[in-house]
Amino acid sequence: MKIILSAIFFLFSLGLVFAQEESANYERAREFIDQGNHVEAMELLRPYLDREKYGNLSGFARYHFARAAYGNRQYELAKNALLMLLEQRDWTASDEARYLLALSHFQLSAPSEALKQIAAISSEELKSEAYKATYEFLKVSSSSVLAAQYGQYPDNMGLVMALKQVLESQRSMSSNERTVYEEIRRKAFEIGDAGPAGEKDQVLDIAVILPFNYEGGSGVGSLMENNFVLQLYQGIQLALEEAKEEGVELNFQTFDTERNAEKVRAILGDPFLKKADIILGPIYPEETALVAEFANLYQIPQVNPLSNMDENIREFSHSYLFRPSVQSISEKVIDYCKRFEGRRIALAYSGASRDEQLARLFAEMAGRSGLEIIENKKINTPDMRDFFESLGLRNDEDPEVDLMVIFSDDPNVASPVFAMVESLGSSIPVVVMESWLYFNFANYEMMETQNFHFVGNNTVDFNDEILDEFRNRYMETYKTYPSSYVYIGYELAGFVSQVINGSKGFEFQANLDRSGYQKGKLTFGFDFSGKRSNHFVPILRLEEGVLTIEEE
């Protein structure tokens, strides 16, 4: 604070001519203030407070007197000196006086008076400093006090930031606090933010924000080959390099969130972010919320590469899911189940957030669609045998269900399902997520004969010759075969560079609406028209060893 004040005071110039010895005492007093010798400075300045004798000089002397009093922790004295100064109509530096008066009010535990003075400051530069001071003084206040002040001074960004921080530190919020919080979240990005959004050009600028060090740590030196975020990025990097080779003008920068909210906030202060045409990432909900707020503020499309959870993007009009939302998946599986004559369904799901939400939505939709949920169970590996036996899935029993739906990406759930379906010889359709195709213990022949059906989730088309070329190219570069995360990263970056670029323009949603369904480079394709997630959700089946889309 002392540095800020010293910088402001340096700008003052007397522009006056008075007696040499009087000038020397005045200048000495100012030097004493800068040196922290406040008591001596006040004594030297007292004679100059006589307005009749010193005219305009007395106003400057009174201001510096208030400075010295503030530095000496005599806040009441500083306040009174500044109030007298502001009563002088010919005083030309009222913004500086109001700033110092606001600091004095803060020190005297009178935040309402301080905020009133800050609101009257006209200098944008000084007001920005006042906002920072507001945050420093009020960040330890109660949420009720801050909320009341926010109602009067909603434009004070320091107050906004302090209130946001206090609300986020609470274990719970009242309904009124939640309403205020939702209102201020986007405003909070403006604190300390200088300048407008970056200038746009015909170069595609892509910011890649990912939690490479999702288990802690920093830097890339310790990242292992099995780091799924690193694999995702490798796919992104390969696709962007290919796009450059194909003539797309683009730049991209990569940022590591390190699963640290403060690091994310620091990343959002990087100048490249405001000039970006699109942001890829992050992945985890708490980081996504911060980046989504920023993206909304600057109207930059932001895409989560892996999530299906549309609740995380619903309130942010510029945020997207690269994969289908849980809503789209539920609707598609319901439509598929209605094709069968039998309407009795056994539903199993894992404890993952996505799977629990999928199961809840599916059960609600099933009830409205005339489907009957016979069993609805959250499962893990030890539960699977009991789950199957409870459905009468034995060779000598009539099954109690017509279809089975399992929402899980967990190989520890898939493995016993494969084993039991094969051993029990059940022929009922089993609807599972497409991730089951990637498990190294999956037997394609068994999955075909045992009536498995796979819910498309940006599924790779394993029959496409381009996939073999990509695998070989990746193998040459990284000496290993690509994982499912590599495929997703590659598809995401290729998709983005095709949708927005210098020739097609940078209106992301408008371009998506015009494009409709698009075949992917490696996958069965996408459709984002009118949506902010991929609502192309095919149901896939293995036929003679070939993964094909089932006919509607």
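Me: How do the residues of the lining of the second largest cavity divide into nonpolar, polar and charged?

Reply: The model is a predicted one. In the lining of the second largest cavity, 3 residues are nonpolar, 6 are polar and none is charged. The lining consists of Gly456, Asn458, Thr459, Thr523, Phe524, Gly525, Asn534, Phe536 and Pro538. Phe and Pro count as nonpolar and Gly counts as polar, so Phe524, Phe536 and Pro538 belong to the nonpolar class.

Me: What makes the phi of Asn458 worth a remark?

Reply: Phi of Asn458 is near 60 degrees, a positive value in a residue that is not glycine. Most residues other than glycine have a negative phi. Asn458 is placed in the loop between β10 and α22 (465-478), and Asn458 is also one of the residues that line the second largest cavity.

Me: Why is the space of about 40 Å³ called a cavity?

Reply: A space is called a cavity because a 1.4 Å probe fits there but cannot get out. The space of about 40 Å³ is the second largest cavity, and the search of the whole structure finds 2 cavities of 30 Å³ or more. The largest cavity has a volume of about 50 Å³.

Me: Which residues line the largest cavity, and which element supplies the largest share?

Reply: The lining is made by Glu491, Gly494, Phe495, Gln498, Gln518, Lys519, Gly520, Lys521 and Phe526. Helix α23 gives the largest share, 4 residues. By class, 2 residues of this lining are nonpolar, 4 polar and 3 charged.

Me: Why are β2 and β5 said to stand at the edges?

Reply: Their sheet is open, has 5 strands in the order β2-β1-β3-β4-β5 and shows parallel pairing. Strands β2 (250-256) and β5 (319-321) each have a single partner strand, so one side of each is left without a neighbour in the sheet. Neighbouring strands of this sheet are turned by 25 degrees against each other on average, direction ignored.

Me: Which strands does α16 lie across?

Reply: Helix α16 (residues 285-298) lies across β1, β3 (278-280), β4 (302-304) and β5, and runs at about 160 degrees to β4. In the loop between β3 and α16 lies Pro282. The peptide bond from Gly281 to Pro282 is cis, with omega near -5 degrees.

Me: What are the order and the pairing of the sheet of 7 strands?

Reply: The order is β7-β6-β8-β9-β10-β13-β14, in an open sheet with mixed pairing. Its edge strands are β7 (372-378) and β14 (546-549), each pairing on one side only. Strand β6 (residues 344-349) is joined to β7 by 6 bridges and runs parallel to it. Ala348 stands opposite Lys377 in β7. Helix α17 (residues 326-337) packs on the sheet and touches β6, β8 (403-407), β9 (430-433), β10 (452-455) and β13 (539-543), with its direction at about 165 degrees to that of β8. Helix α20 (residues 411-424) also packs on the sheet, touching β8, β9 and β10, and its direction makes about 155 degrees with that of β10.

Me: How do α10 and α11 cross?

Reply: The axes of helix α10 (residues 143-152) and helix α11 (residues 157-169) come within 10 Å and cross at roughly 150 degrees. The crossing is left-handed. Their contact has 9 nonpolar, 2 polar and no charged residues.

Conventions. Residues numbered from 1 in each chain as written. Predicted model: local features only at pLDDT ≥ 70, side-chain atom pairs only at ≥ 80, totals over all residues. Heavy atoms only, no water. Pairing = 2+ DSSP bridges. Helix = DSSP H or I, 4+ residues; strand = E, 2+ residues; numbered from the N terminus. Axes fitted to C-alpha atoms, helices over the stretch in contact; angles between N-to-C directions. Contact = heavy atoms within 4.5 Å. Left-handed = near helix turned anticlockwise from the far one by under 90°. 1 Å grid on protein atoms, 1.4 Å probe; cavity = no way out; pocket = protein on both sides within 12 Å on 5 of 7 lines; lining within 4 Å. Points joined across faces, edges and corners; volume = space filled by probe spheres on them.
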